[in-house]
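Take a look first, then read on.

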Amino acid sequence: MTLNIDWENLGFEYMNLPYRFIARFKDGQWDAGSLTEDATLHLSESSPALHYGQQAFEGLKAYRTKAGEIQLFRPDQNAERLQKTARRLMMPEVPTDLFVEAVKAVVKANHEYVPPYESGGSLYLRPLLIGVGDIIGVQPAQEYIFTVFAMPVGNYFKGGLAPTKFIVSRDFDRAAPHGTGAAKVGGNYAASLLPGQEAHDAGYSDVIYLDPTTHTKIEEVGSANFFGITKDGEFVTPLSPSILPSITKYSLLYLAEHRLGLKASEGDVYVDDLDRFAEAGACGTAAVISPIGGIKNGDDYHVFYSETEVGPVTRQLYNELVGIQKGDVTAPEGWIYKV
Ligand code: PLP
Ligand code: COI
């Protein structure tokens, strides 16, 4: 089959690939699930996912290696995070085996859509867990759908490894202090749509949210975590109960310390103290490592390393992370799953 895809210029757009996986939870258990060519979901108009946001999602990628093989980056971590989110929203956990096998099955069935090694693209996988069925009161669903679909993607932020600028939201929070900020639920993203649009309209890549209690500390970006490299070479990333526990961030904390020999820690990142950083970036599955050129905060515009050049430590981290994901650099044990 010849695919008419411009691999070099993929953005981050939905594409209806031939196969996705779907499993159903009913009478207290998951069925085995199967691949399907049907890209639409059939569900009750009263499904709690639609009315009360009882749903969760994940994001992970499959990569083509130089030898043409396909591999996944830490899918067990996505399975665990989805389980944690499920507990928070009173949904049944998707067992790790079911999650990983579903992801592998979708990748295998759509293998022609995993972008070539040289293109810089990858196959983005979107697992989704939703509460369905005939319920109208505010209560957890009795039935659930778990589905995984996929599409080839390139850069999430238009710059890729070129720095772009971000803006601090002064009017909106992404999550409440004891809310669902650490869970990967659609409601957090619904809350980010308006500030996100305002940021884009003003020429920024995305919003940086402050902690919802004191509004003095950087929490995260609307679609990625934040990190900075201090002037004395420490990797620092915010610690907060209301940000998404990013798999990329924890991977970078490990790589910064064990591969780059840096001090690496989670801690407070005061928005009025950005001078301590020589470099900064956004990190995540979709964002990969996206250097932050500058941050607008009210009247202040803070430039980090450069608005046009990627800083040396950010580049080293990128090379290490992406090298592991694409099979060019030896991975820490258990990080890579061959498909
Ligand atoms: N923070 C938010 C709000 C996100 O949507 C994402 C994307 O998944 C991340 C952080 C990064 O998380 P991960 O590295 O696990 O993809
Ligand atoms: C991801 O990186 O997987 C995300 O979920 C970010 C996104 C909202 C596209």
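## Ligand 2

A quick word on "around": a residue counts as near a molecule if its C-beta atom, placed from the backbone, lies within 6 Å of it. With that in hand, the shell of ligand 2 in this predicted model is made up of G59, S223, G284, T285 and A286. Sorted by class, that shell holds four polar residues, one nonpolar and no charged.

## Where α5 meets α6

Staying with α5, let's follow that helix to its contact with α6 (residues 312-325). The two axes come within 10 Å and cross at roughly 115°, so α5 and α6 are roughly perpendicular to each other. The handedness of this crossing is right-handed.

On the α5 side, the contact is made by S251, L252, L255 and A256, while α6 brings in L317, E320 and L321. Five of the contact residues are nonpolar, with one polar and one charged alongside.

## Where α2 meets α3

The other helix pair to look at is α2 (residues 75-88) with α3 (residues 96-109). These helices pack at an angle of about 130°, and their axes are 9 Å apart. Parallel, perpendicular or oblique: how do α2 and α3 sit relative to each other? The angle is about 130°, and α2 and α3 are therefore oblique to each other. Their crossing, too, is right-handed.

From α2, the contact uses P75, D76, A79, E80 and L82; from α3, it uses T96, F99, V100 and V103. By class, that contact of α2 with α3 comes out as six nonpolar, two charged and one polar.

The average pLDDT over the protein is 96, and 99% of the residues score at least 70. For the complex, the predictor reports an ipTM of 0.98 and a pTM of 0.96.

Notes. Residues numbered from 1 in each chain as written. Chains lettered and ligands numbered in written order. Predicted model: local features only at pLDDT ≥ 70, side-chain atom pairs only at ≥ 80, totals over all residues. Axes fitted to C-alpha atoms, helices over the stretch in contact; angles between N-to-C directions. Helix = DSSP H or I, 4+ residues; strand = E, 2+ residues; numbered from the N terminus. Parallel < 35°, antiparallel > 145°, perpendicular 65-115°, else oblique. Left-handed = near helix turned anticlockwise from the far one by under 90°. Contact = placed C-beta atoms within 7 Å. Nonpolar A, V, L, I, M, F, W, Y, C, P; charged D, E, K, R; others polar. pLDDT = per-residue confidence, 0-100.
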